[in-house]
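Please keep the sequence and the model in view while reading.

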Amino acid sequence: EPTGNANTPGDPYEPPAEEEPKEVSLKLMSWGIGRMNGDGTYPDQAARWAELLKVIVAEDADIIQLHCVYDEAQSEVILADLAATYPYSVYVQGTTNCSQLLLSKYPITDTDYTQITTEPNEVRVAGHSIVNVDGTPVEIYYAHTNSADWANEVAAMVNAFGLPTSDVWFV
């Protein structure tokens, strides 16, 4: 057994005490903002966004995953309205109207993503981000699946990120 340590040569070695994982409580929100792209689905896009913004603000979630984000320009409009409350964000690009935006009150320290569909005209992606919640890293997994093929897309996400199926929760 080694004696001494880097701080005090000659003192008996004491390994650092293992810290118990901190319990973290977060309020998460996932919302499909859908069709705010000026395609005519909702004639008054500004009014629709104003109503959705009220809901988002009222929920006061710690982390929000918005899906059906049309494109990066739309994500910039969203960020402009929510940056004061959610200073950390990640935009995950899929094809048009299949992108996602993760907003957080806490720092997002790492993100990776993977494609979960192979359809040529619709690329959906799953994201994995690590959020630093008061010194505790919290892993967030998120996806925008196609309702017709959600089981295969979730399986692709589980496989891509190496998640045990017992740890996957569907919301």
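**Briefing on the fold**

Four strands make up an open sheet in the order E1-E2-E4-E3, and the pairing within this sheet is mixed; two strands are taken to pair if DSSP finds at least two bridges between them. Strand E1 (28-32) and strand E3 (88-92) stand at the edges with a single partner strand each, so one side of each is left without a neighbour in the sheet. The model is a predicted one, in which local features need pLDDT of at least 70 and side-chain atom pairs count only at pLDDT 80 or more, while totals for chains, interfaces and linings use all residues. Residues are numbered from 1 along each chain as its sequence is written, and side-chain values use heavy atoms, with hydrogens and water left out.

**Overall make-up**

- The protein chain has three helices and seven strands, where helices (H or I, at least four residues) and strands (E, at least two) are DSSP runs numbered from the N terminus.
- Read from the N terminus on, the elements follow the order β-α-β-α-β-β-β-β-β-α.
- Of the 171 residues of the protein chain, 38% count as buried, with buried meaning under 20% relative accessible area, exposed over 50% and partly exposed in between (1.4 Å probe, protein chains only).

**The two sheets**

- Strand E6 (residues 125-133) is joined to E7 by eight bridges, the two running antiparallel, and Asn 132 has Pro 137 in E7 as its bridge partner.

- H1 lies across E1 and E2 and runs at about 165° to E1, where axes are lines fitted to C-alpha atoms, for helices over the stretch in contact, and angles run from 0 to 180 degrees between N-to-C directions.
- H2 packs on the sheet and touches E2, E3 and E4, its direction making about 20° with that of E4.
- The axes of H1 and H2 come within 12 Å and cross at roughly 50°.
- Trp 49, Leu 53, Ile 56 and Val 57 in H1 meet Ile 78, Asp 81 and Leu 82 in H2, contact being defined as heavy atoms within 4.5 Å.

**Nonpolar cores**

- In the largest nonpolar core, which has 16 residues, Ile 64, Leu 66, Ile 78, Leu 82 and Leu 103 touch the most other members; such a core is a set of buried Ala, Val, Leu, Ile, Met, Phe, Trp, Tyr and Cys residues joined through side-chain atoms within 4.5 Å.
- Two or more residues of this core come from each of helix H1 (45-59), strand E2 (63-69), helix H2 (72-82) and strand E4 (99-104), and H1 gives the most, with four residues.
- A second, separate core of 13 residues includes Val 125, Val 133, Val 138 and Tyr 142.

**Gln 115**

- Gln 115 has its place in strand E5 and is partly exposed, with a relative accessible area of 44%.
- Leaving aside neighbours within four places in sequence, Gln 115 is in contact with Val 123, Arg 124 and Val 125.
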